[in-house]
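The exercises below ask you to read a protein model step by step, with each task followed by a worked solution. Please keep the sequence and the coordinates at hand while you work.

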Amino acid sequence: MTFKSYASFKHIITLTDALVILMLLIISFTPLAIFHYSYAQSTNDDVVAYISIDGDVVDVFTLSESTPYELKTYYPTDNQYNIIEVDGTRIRVKEDNSPDQIAVKTGWISRPGETSICLPHKLIIDIRGEVSTDEPADINAY
C-alpha cells in the first residue's frame with residue numbers, strides 16, 4: 001500500500017466509523033464471554049447423562065470420577081442394539097447396528113449440553129448439568 005492510497009483510505013474512515021466497528025466487535029464477542037463465564041460457574045454441579053429411547057428416559061448415569069466403568073446394551077426393537085459405555089466422567093455409544101454409525105462416530109461426550117443421537121434406533125444420550133442442592137436455587141437459575 002503506497003502512501004497516496006493510505007492517505008485516501010484515511011479520509012474514507014472517520015473516527016465515528018472506527019468507533020462503530022469497535023462496538024460491533026465488542027458486541028459480537030459478548031455471548032462468548034457470557035457462555036464461558038456461565039460454564040465456569042457450573043463446574044460444581046453434577047453432570048448427568050440421560051439415555052432415552054423413542055422419547056422415554058430408560059436410564060440415568062451420574063458422570064463423576066467415582067462412577068464405575070460400565071457397558072450396557074439396549075434393544076430398541078428386536079433387530080436393533082446399542083452398546084453404551086460409561087467411563088467415569090464420559091459416556092459414548094460404543095457399538096450399534098445402525099447403517100451410518102453416526103452415534104458411534106460422535107465418540108465420547110462429557111459436558112452439559114452435548115448429545116449423541118442414533119436416529120434409526122431413536123436413542124438419545126443427553127448430558128445435563130444438575131444444580132447441586134446445597135446452594136439456593138435462584139443463584140444457579142439460567
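The model is predicted, and local features are taken only where pLDDT is at least 70 and side-chain atom pairs only at pLDDT 80 or more, whereas totals for chains, interfaces and linings use all residues. Residues are numbered from 1 along each chain as its sequence is written, and side-chain values use heavy atoms, with hydrogens and water left out.

**Exercise 1. Overall layout**

Task: State which secondary structure pattern the protein follows along the sequence, and what percentage of its residues count as buried.

Solution. Begin with the elements, where helices (H or I, at least four residues) and strands (E, at least two) are DSSP runs numbered from the N terminus. The protein has three helices and seven strands, and along the sequence they follow the pattern α-α-β-β-β-β-β-α-β-β. Next, turn to burial, for which buried means under 20% relative accessible area, exposed over 50%, and partly exposed in between, with a 1.4 Å probe and protein chains only. On this scale 26% of the 142 residues count as buried. Finally, with a contact defined as heavy atoms within 4.5 Å, 36% of the contacts between residues at least 6 apart in sequence join residues at least 24 apart.

**Exercise 2. The nonpolar core**

Task: Identify which residues of the largest nonpolar core touch the most other members, and which strand gives the most to this core.

Solution. A nonpolar core is a set of buried Ala, Val, Leu, Ile, Met, Phe, Trp, Tyr and Cys residues joined through side-chain atoms within 4.5 Å. The largest such core has 17 residues, of which Ile 51, Phe 61, Leu 63, Ile 84, Ile 91, Leu 123 and Ile 125 touch the most other members. At least two residues of this core come from each of strands S1 (46-53), S2 (56-63), S4 (82-87), S5 (90-96) and S7 (123-130), and S1 gives the most, with four residues. To look at one member in detail, take Ile 84: leaving aside residues up to four places away in sequence, Ile 84 touches residues including Ile 51, Ile 91, Leu 123 and Ile 125, and also Glu 70, Lys 72 and Tyr 74.

**Exercise 3. Salt bridges**

Task: Find the salt bridge partners of Asp 54 and Asp 59, and decide whether Asp 59 is buried or exposed.

Solution. A salt bridge is a side-chain nitrogen of Lys or Arg within 4 Å of a carboxyl oxygen of Asp or Glu, and by this rule the count is six. Asp 54 pairs with Lys 122, with the closest N and O atoms 4.0 Å apart, and this pair links distant parts of the chain, 68 residues apart. Asp 54 is exposed at 52% relative accessible area, while Lys 122 is partly exposed at 49%. Asp 59 pairs with Lys 72, with the closest N and O atoms 2.6 Å apart; because Asp 59 lies in S2 and Lys 72 in strand S3 (residues 70-74), the pair ties together parts that are 13 residues apart in sequence. Asp 59 is buried, at 14%, whereas Lys 72 is partly exposed, at 31%. A further salt bridge joins Asp 126 and Arg 128 at 2.8 Å, N to O, and Arg 128 is partly exposed at 38%.

**Exercise 4. A nonpolar surface patch**

Task: Name which residues make the nonpolar surface patch of about 620 Å².

Solution. Patches are made of residues with over 30% relative accessible area and no salt bridge, like charges being joined within 9 Å and nonpolar side chains (Val, Leu, Ile, Met, Phe, Trp, Tyr) within 5 Å. The patch consists of Leu 15, Leu 19, Leu 22, Met 23, Ile 26 and Ile 27. Leu 15 lies in helix H2 (residues 15-41) and counts as exposed because its relative accessibility is 65%.

Note on methods
Areas by Shrake-Rupley, 256 points an atom, 1.4 Å probe, with all protein chains shown as cover.
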